[in-house]
Amino acid sequence: MSMSGDSPEPHNDQSQAPLIEHLIELRSRLMKAIVVILVVFLGLYAFANDIYSFVAEPLMALLPEGSQMIATEVASPFLAPFKLTLVVAVFIAIPFVLHQAWAFVAPGLYDNEKMLAIPILVSSVALFYGGAAFAYYVVFPLLFEFFTQTGPENVAVMTDINQYLNFVLKLFFAFGVAFEIPIATFLLILSGATTVESLSQKRPYIILGCFVVGMLLTPPDVISQSLLAIPMYLLYEIGLLFGRLVRKRRAAADAEDQES
């Protein structure tokens, strides 16, 4: 009886061993990602004030000569550049972080999934960077020009550095995520969750949804909402285009298989 009672223990140990190995590998990947982020952060920290000045340039360029930002909290002159530098470090380290995630999940993927995952991964990073660049070089100048010129003449624009940072980081993230729409659309079509025809018929709802998302993620003005909603819709159409191309290639491949 004692032998039969003890027999499941080796089996349980064997079943738990792969899980423990995966957890150890996951911890190793996370630690590598954190170390790289910290190294990049330490390398950038000496330029923290310069980085903040660069991010603030779209607003400062539109303020009257001699104007400057203000700090309404005691620690803001230190914390705002510190926070921004940490975010930039994560931003720069994203390719390495995603590579660690890829190295963790890749052994469990089939060859065809690996071939598809790598372009999607690279495209996702590039689109996120593109969304942030679009926000900085296109949206910020138009948005801040609108804000600085619509106020009363006797009101001086003196923006708090911490409030400004929170504002621009929100827009960076919103546009970075919005630019991932082609990838999301492509994956929905590829997985069979929906079809190109179904998504095409829902264009009016998609347009409305883009403006609703723009309203939720941007300041309450028509300009910033439109600057997010219109690119989102155009990127949605790009996702549909790639979905059509993949469908045609699959149909051609199935036809070749039937002929062979």
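A residue counts as buried when its relative accessible area is under 20%, as exposed when over 50%, and as partly exposed in between (1.4 Å probe, protein chains only). What you're looking at is a predicted model, where local features need pLDDT of at least 70, side-chain atom pairs count only at pLDDT 80 or more, and totals for chains, interfaces and linings use all residues. Residues are numbered from 1 along each chain as its sequence is written, and side-chain values use heavy atoms, with hydrogens and water left out.

**Exercise 1.** Describe the make-up of the protein chain.

*Solution.* Start with the elements: helices (H or I, at least four residues) and strands (E, at least two) are DSSP runs, numbered from the N terminus. The protein chain has 10 helices and zero strands. Next, burial: 32% of its 260 residues are buried.

**Exercise 2.** Check whether the length of helix α6 fits its residue count.

*Solution.* First, the rule: the expected span is 1.5 Å times one less than the number of residues. Helix α6 covers residues 161-178, so its 18 residues should span 26 Å. Its end C-alpha atoms are 26 Å apart, which agrees.

**Exercise 3.** Find what caps the N-terminal end of α6, and name some buried residues in this helix.

*Solution.* Look at aspartate 160: one of its side-chain oxygens lies 3.2 Å from the backbone nitrogen of asparagine 162, capping that end. Then go along α6, where the buried residues include Ile161, Asn162, Tyr164 and Leu165.

**Exercise 4.** Work out how helical residues 117-144 are.

*Solution.* An unreviewed UniProt entry lists this stretch among its transmembrane regions. In the model, residues 117-144 are 100% helix and 0% strand, with end C-alpha atoms 38 Å apart.

Technical notes
UniProt positions renumbered as here; feature names shortened; annotations may be inferred. Polar contact = N/O pair within 3.5 Å; in protein donor to acceptor, adjacent residues only side chain to side chain.
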